[in-house]
Amino acid sequence: MAGSHGDQRPERRFCFCPWTRTPNGSREGKMPSAGLEAGSNKVDVAIDLGNPLLNRTVDGFLKIGAVGACRVVAEDAFDCIHRGDISKRQLEETLKKMCKEGAYWGAVAGVYVGMEYGVERARGDRDWKNALIGGIATGALVSAASNNKGNKIAQDAITGGAIATAVEFINYLT
């Protein structure tokens, strides 16, 4: 009988390498992970690349890359509903855009997370200044990789630092 005390299904976990928990319950090492839950069944997957920098970078890439891909789906779904039709060609174009946007935003997030972690390791402190420096470095790097020059790179560096610092302060509030 479902719901009785003797018939509880165990939680299923598939991990390549389990992460450790700190005394306050947070994950140490921050391995890239994903989960799927349906009813009382739950599956968690974690990947350990053997290096905290790589783990965090891949985690940022996967999470924000998925957000970028979902944004494309939402925009294209809205366009299809607005037009009232859909075709195989439109689906193929949406898939291409999902891959492109997901890879772009995932790469930007991966660079930022890697920069922030590197700054944290170099400074030996974990505070908002790491986000500021990581955001500045990421903004400048992404801008330079986009073939921007001079003042535009500086503007993008300032924007990256401001956004990263604002997000860090917002995280302090929650």
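1. Buried means under 20% relative accessible area, exposed means over 50%, and partly exposed lies in between. The model is predicted. Ile64 has 37% relative accessibility, so this residue counts as partly exposed. Ile64 sits in helix α1.

2. Ile64 also belongs to a nonpolar surface patch, together with Val67, Tyr104 and Trp105. The accessible area of these residues together is about 370 Å². Two elements each give two or more residues to the patch: α1 (52-83) and α2 (88-123).

3. On the overall fold: the chain has four helices and five strands. Read from the N terminus, the order is β-β-β-β-β-α-α-α-α.

4. Helix α3 (residues 128-145) packs against helix α4 (residues 150-173). The angle is about 145 degrees, and the axes are 7 Å apart. The crossing of α3 past α4 is right-handed.

5. Which residues of α3 meet α4? The α3 side consists of Trp128, Ala131, Leu132, Gly135, Ile136, Gly139, Ala140, Ser143 and Ala144.

6. Now the totals for the chain. Of its 174 residues, 25% count as buried. The accessible surface comes to about 12,100 Å². Carbon and sulfur atoms hold 62% of that surface.

Key: Residues numbered from 1 in each chain as written. Predicted model: local features only at pLDDT ≥ 70, side-chain atom pairs only at ≥ 80, totals over all residues. Heavy atoms only, no water. Patch = residues over 30% accessible without salt bridge, like charges linked within 9 Å, V, L, I, M, F, W, Y side chains within 5 Å. Areas by Shrake-Rupley, 256 points an atom, 1.4 Å probe, with all protein chains shown as cover. Salt bridge = Lys/Arg side-chain N within 4 Å of Asp/Glu carboxyl O. Buried < 20%, exposed > 50% of the residue type's maximum accessible area, 1.4 Å probe, protein only. Axes fitted to C-alpha atoms, helices over the stretch in contact; angles between N-to-C directions. Left-handed = near helix turned anticlockwise from the far one by under 90°. Contact = heavy atoms within 4.5 Å.
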